Structures are given as C-alpha cells and as structure tokens.
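Reader: Please take me through how to read cavities and a ligand site in a model such as this one.

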Amino acid sequence: MDQIVIRGGNRLSGRIPISGAKNAALTLLPCALLTDEPLTLRNLPRLADVDGFGHLLNQLGCSTTIEGSRPEDFGRVMTARATTLSSTVAPYDIVRKMRASILVLGPLLARAGEATVSLPGGCAIGNRPIDLHLKALEAFGAEIELASGYVKAVAPGGRLKGGSYSFPVVSVGATENALMAAVLAKGTCVLENAAREPEIVDLCNCLVAMGAEINGIGTDRLVIEGVDRLHGATYAVMPDRIEAGSYACAAVITQGDVELVGANPDDMVATLAALREAGATVETTKKGIRVAMSGRPQPITLSTAPHPAFPTDMQAQMMAMATLGSGASVFTETIFENRYMHVPELTRMGCDIQVKGRTAVVRGVDKLVGAQVMATDLRASMSLIIAGLAAEGETQVNRIYHLDRGYERLEEKFQAVGADIERISAD
Ligand code: UD1
C-alpha cells in the first residue's frame, strides 16, 4: 500500500488552491437523477469518492462525461444525464465502500417512485444510523421496508405527497436526502430543525437552478413546494471549507504564512475564530484567506456542533495543531461518539492528550517526533500529516487511501508551499 512520508520542520509559505468541496460534490451528483436533462457540475474535486459516485450513477443508468481531466487541471467538469433510469438499486458493495451512496435514496424515490438502497453498516467514526433519513421520507408519504440489509422505499401512486418533519437531531445527510425527495413531491414538504451547513445551501441553490421551489434556504426551516419536473442546469461546486481549514492548521503549526486561494471565509466563521484564538493572523484577501503564524499556538477551547458552530470534520486537524500549543487546549466532540481515533496515533508522535468520554485535553508539548502512524478515517489521517509537518525527523503515514477520498493532490499542494512530503508507491 502507498505511504506518505514527511520530513518535518519546514515552514509553509505561499499559495494553496482550494478544491471544490467533497461533501457538496457528493450531494450535488445525485441531483442528476432528478431530471432527464443534463446536469453539469463544475469545480468537482478529483477524488476517489467522486469517481466512486460517478460509477454508482452509471449503474443506475445515468451517463457521465468528464472534461478538464488533464493531469495538471484542478477541478473537473462532469456532465451527468439520466435520460431514463435503468435501475433503482444501490447495492451493498458500493454503499459499503462509500457511505454517501445512501444519498441516491431520496432522488430515486422522487424520480422513479421507488428505491432500494443497501444499509451502509458501521463506519470508523461510530455507529452512523440512517433512521432520520427514513423518518423524513415517511413523513412525506414514503412506505419503507427493511429486509436483508436493504431499505426499500416506495411512493404510493409513484409520487410523494408531501408533509412535515422535525428532525430530533440535526443531520446533514438526512436533510439532503429529504430535500432531494421533496422537490418532486405532489404537495408541500416542510423540514424543521434542518441542517444549515454550507453544503446544504449549495444543494438548495443547485436544486433551485434546476427549477425547484425552496424557501428558507440557509435557515433550519426549509419549505419545499413540489414541482412536476426539474430541468438540467450548470452549477459550480462550492470551495471545500474543510480542506481550507486543514491547510490553515498546517500553516499555523509550522509557523507559516499561506494564502488559501478560493476559500470562502463566510463558510468558515467558527474555524477561523479558532485559528485566531490560537494566535494566528487571519485575513480575507481578494482571492481567499491568508493565515499566518509566529510562535507556538495558544491554547484553545472548542466544542463541535452543527453549523454554524465548530465542524466535527475540523476537530482532528485542530487538535493536531494544538499539540504544540503553549498550554492546555480542551476539545469536546458532540456529533460522533468515536471520533478520537487519531489520539493514540498522535500520542506515538509525542503528543500529550487525555480523553475522557467526549472531552479531550491536549497539553502542548515542546516538540513532536516523527513516527510510523496510520489512521482510520479521512480527517484523522490529515491530523497525522499536520503533526508530521511539524515533527522532528520522518513520519510515515499508512493507509493513505483515506486521504485520497477527500484531499485532492495533497502532496502537490503541500510541496508547492515548501513541505518535504512525498508519496511512496507500493509498486
Ligand atoms: C455529514 C458529512 C460528514 C460530517 C457530518 C457532520 C457528508 C458526505 N458527510 O455526514 O463529513 O462529519 O455530516 O457534519 O456530507 N444521525 C442519526 N440518524 C440519522 C442520521 C444521523 O442518529 O439518520 C446522527 C449521527 O449518528 C450523528 C449526527 O446525527 O451523531 C450527525 O450526523 P449527520 O449530520 O447525518 O452526518 P452525515 O450526513 O453522515
């Protein structure tokens, strides 16, 4: 298996282009199932998960063509067209590898009146159920059965009739599935306590560009007036706020100075506040955001929660940054119950982190030392890279397929700002 090898100690300086957002791409792609006309998505990141989603669309009868795939291009343009659907089944083998595949459930149900999707099963960051996805669809009129590890959803009469659902817990994925199901309903659908993440706003804007009627975009109450059909559209995926935040943490821990080109500060308010709390200079530039640091990070206190609060997807990277802090930082993870799996690996590099339940106390140490490490999920992997960039000696990060799922051309982007980092291919 490939490895990433980092020789730490270099200060990062220069410009880093920010790619299209993985999590937005994964909810915009299934929108292609909602219409027989082409949906063209620009600024799609070049990632294993995006390719995987393309293959899933192909299995359902949706064609995909990609432009701009010269190796030197960042961002691709994909046109997906589901003139007719050849299948309404998302099989276990695909859903197991890519949890976001469950996002075809809502659009298939809306377009074809039925969908059969494998249950995703366990995942590394905890037990992630999909009960809320199903309850929202039921509230809009779907009949749902669970059998042999699959969810089978049917809209009686071929079309959802509308209704209201109030989420007991804020869920990004369930809000997305419900939205994509609601846009073609016969009546009005109301979602209360809906997720407000920027990726949800991106999804709503794309659906509106396709002819959907959605009120309350950006708030936790979404009112969707179902329409009879949607049409094609061309839509640009938003910049990846988590990728941008990850590179910002790397700049701070190496006491560097980087410009995150293309990043949108409005999507990143809580992350930028945490960087400022750590003592970083954070400025909006014409092209994005500049993050600069001198000295050790000051201790920070943060708690993950749904947007606009601090994102769980930034917790591991911020923790890596805090390991070289000048005091004790306190992290509380409220979204996922098992999201401190980077901690034992960071400890191997000399970090001092104590976890008790949902809380982690990170006592800043004077130095980190490179080690062989491996991670169990995407953001945890990035936290090990960040620590490795500031560690003495060599860090070898294993299982980098996680990184390839979510960070476009990671080594190239880091090398361009001065990091000593390379991918060692197993062949
Ligand atoms: C999405 C993101 C992920 C991010 C997470 C939280 C994608 C592809 N993934 O994941 O990167 O970490 O949002 O911002 O966009 N829950 C239930 N029942 C459900 C659904 C969720 O109990 O049916 C719980 C989950 O276990 C979790 C919480 O709700 O505790 C939030 O999860 P959710 O927002 O749904 O995360 P995902 O959409 O899976």
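Author: A cavity is defined on a 1 Å grid over the protein atoms alone, as a set of points where a 1.4 Å probe fits but cannot get out, and lining residues have an atom within 4 Å of a point. Rolling a probe the size of a water molecule over the atoms shows where empty space is left. This is a predicted model, in which local features need pLDDT of at least 70 and side-chain atom pairs count only at pLDDT 80 or more, while totals for chains, interfaces and linings use all residues. Residues are numbered from 1 along each chain as its sequence is written, and side-chain values use heavy atoms, with hydrogens and water left out.

Reader: Which residues line the largest cavity?

Author: The lining consists of Arg241, Ile242, Asp267, Met268, Val269, Ala270, Thr271, His307, Pro308, Ala309, Pro311 and Met314. A volume is the space filled by probe spheres set on the grid points, which are joined across faces, edges and corners; for the largest cavity it is about 60 Å³. Helices (DSSP runs of H or I, at least four residues) and strands (E, at least two) are numbered from the N terminus. Helix 9 (269-277) and helix 8 (241-253) each give at least two residues to this lining, and helix 9 has the largest share, three residues.

Reader: How does the lining of the largest cavity divide by class?

Author: Ala, Val, Leu, Ile, Met, Phe, Trp, Tyr, Cys and Pro count as nonpolar, Asp, Glu, Lys and Arg as charged, and the others, Gly among them, as polar. The lining of the largest cavity has eight nonpolar, two polar and two charged residues. Two of its residues, His307 and Pro308, are joined by a cis peptide bond with omega about 15°. Pro308 sits in the loop between strand 18 (301-303) and helix 10 (315-322).

Reader: How many cavities of 30 Å³ or more are there?

Author: The count is two.

Reader: Which residues come nearest to the ligand?

Author: A residue is near a molecule if one of its heavy atoms lies within 4 Å of it. There are 19 residues around the ligand, and Asp131, Leu132, Ser171, Asp313 and Ile335 come nearest. By class, this shell has eight nonpolar, six polar and five charged residues.

Reader: How much of the ligand does the protein cover?

Author: Accessible areas come from the Shrake-Rupley method with a 1.4 Å probe. The ligand on its own has 750 Å² of accessible area, and the protein covers 84% of that.

How values were computed
On a 1 Å grid over the protein atoms alone, a cavity is a set of points where a 1.4 Å probe fits but cannot get out, and a pocket is an open set with protein on both sides within 12 Å along at least five of seven lines; lining residues have an atom within 4 Å of a point.
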